Amino acid sequence: CRTTRSHFGSSAIASVSPQRTLRLPTPLSARPAMRVSCIAVVGATAANPISKVLDLLHDLRGKVVSDGEEEQKSYESFAKFCKDESTQKKFEIEDGRNQVDSLTATIEKAAATISELDSKIESLTKNVKANDNDLSAATDVRKKEHEDYVANDKEMIEVVDTLERAIATLEKALKKGSSLVQAVSSPQMKKLTDSLSAIMDAAVFSTNDKKRLASLMQSKEDAEFEAGQAPQAAAYETHDGSSSILDVLGDMLDKAEGQKADADKAEMTSQFEYNKVKQSLTDQIAFDNKQLEAARKGLAEQQEVKSTAEGDLTVTQKELAEDTATLNDLHDACEQAASEFEASLAQRKGECEALDTAVKILKEKTGGA
């Protein structure tokens, strides 16, 4: 009696795939009815023909072979199930490992990018703050410079205006034939005297200029004492004889106008330089703020990527562990089923051999009837 498939327990099948439970024939060792039948056959030899007994033994042997064939089919189906399930689980495990590697790489890359963006944001924030401070400081300096310029320019305008009016008044009086004494003693000139006294303190003039202006003022006082006398040629000279009154005033006017022009130019230059600095700092601040906004957006995106990948990694690792455990259980169940099948195969072989021996003995005892 030859069979190529052994019996395996239903418990092994149920542990692997309850949905695919296979119905297997019960091994002959688990069927006491067979032994009872054999005993009955032997007992019946006294009353029945030997041929009948041999037919019964032959039928019984056929039943054993038939059950073995059914069991063989069931085992082959289960073996295919084991192979297919094992292949599928191995594929899922491999895919899971690849996903773990990919997610781990994604997390590491995101973490590195987050670190870089954190450093970039910190650096850009410092740059923006520093440039803001520089712009504020430059603005304060420019404001102070402009205030000083406005105050100085106002003073210079008054000085120039006073000198121009003094010169115009003297020239007008002298052209009319008035003497210097009359010119400096005229009502118009008297009004300008106070103004000329005021510009004595102007920072624009040097000490020497102030002395010359003081001499002019002294000439005016001396002229008041000499009122009524005919003017002499020397009367057009200053008290110290250094130069004429008009020359002194003209020289001081030239200096005042020159210094005002220099101050105007310096103001324009300072404003121009400030505008360049302001534009440069403003552009840099705007650029850094744009970079900062992009970095913060990128940081939020990378944090989301990292968080999502970490969540997916946790789920994937859990599924991978479950698939690995399932594969191990499947392997154990299939190994157990194969062992049970081999045992059943050996048992059926023994049953067939026992039946063959019984037939042989009966034939020998009955003379081959």
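Are C82 and C334 buried or exposed? Hold on to that one for a moment, and let me first show you around.

What you're looking at is a predicted model. There's one protein chain here, with 369 residues. And what is it built from? Helices: the secondary structure comes to seven of them, with zero strands.

Okay, back to our two cysteines. C82 is buried, and C334 is buried as well. For the chain as a whole, buried residues make up 33%.

Now, what joins C82 and C334? They form a disulfide, with 1.9 Å between their sulfur atoms. Just as a reminder, a disulfide is a covalent bond between the sulfur atoms of two cysteines. When the whole structure is searched, one disulfide turns up. This pair ties together distant parts of the chain: C82 sits in helix α3, which covers residues 50-175, while C334 sits in helix α7, residues 245-365. The two cysteines are 252 residues apart. As for handedness, the link of C82 and C334 is left-handed, with -100° about the S-S bond.

One last number, this time about contacts across the chain. Take the contacts between residues at least 6 apart in sequence: 85% of them join residues at least 24 apart.

So, to come back to where we started: C82 and C334 are both buried, and they're linked to each other by a disulfide.

Methods: Residues are numbered from 1 along each chain as its sequence is written. This is a predicted model: local features need pLDDT of at least 70, side-chain atom pairs count only at pLDDT 80 or more; totals for chains, interfaces and linings use all residues. Side-chain values use heavy atoms; hydrogens and water are left out. A disulfide is a pair of cysteine sulfur atoms within 2.5 Å. Helices (H or I, at least four residues) and strands (E, at least two) are DSSP runs, numbered from the N terminus. Buried means under 20% relative accessible area, exposed over 50%, partly exposed in between (1.4 Å probe, protein chains only). Contact means heavy atoms within 4.5 Å.
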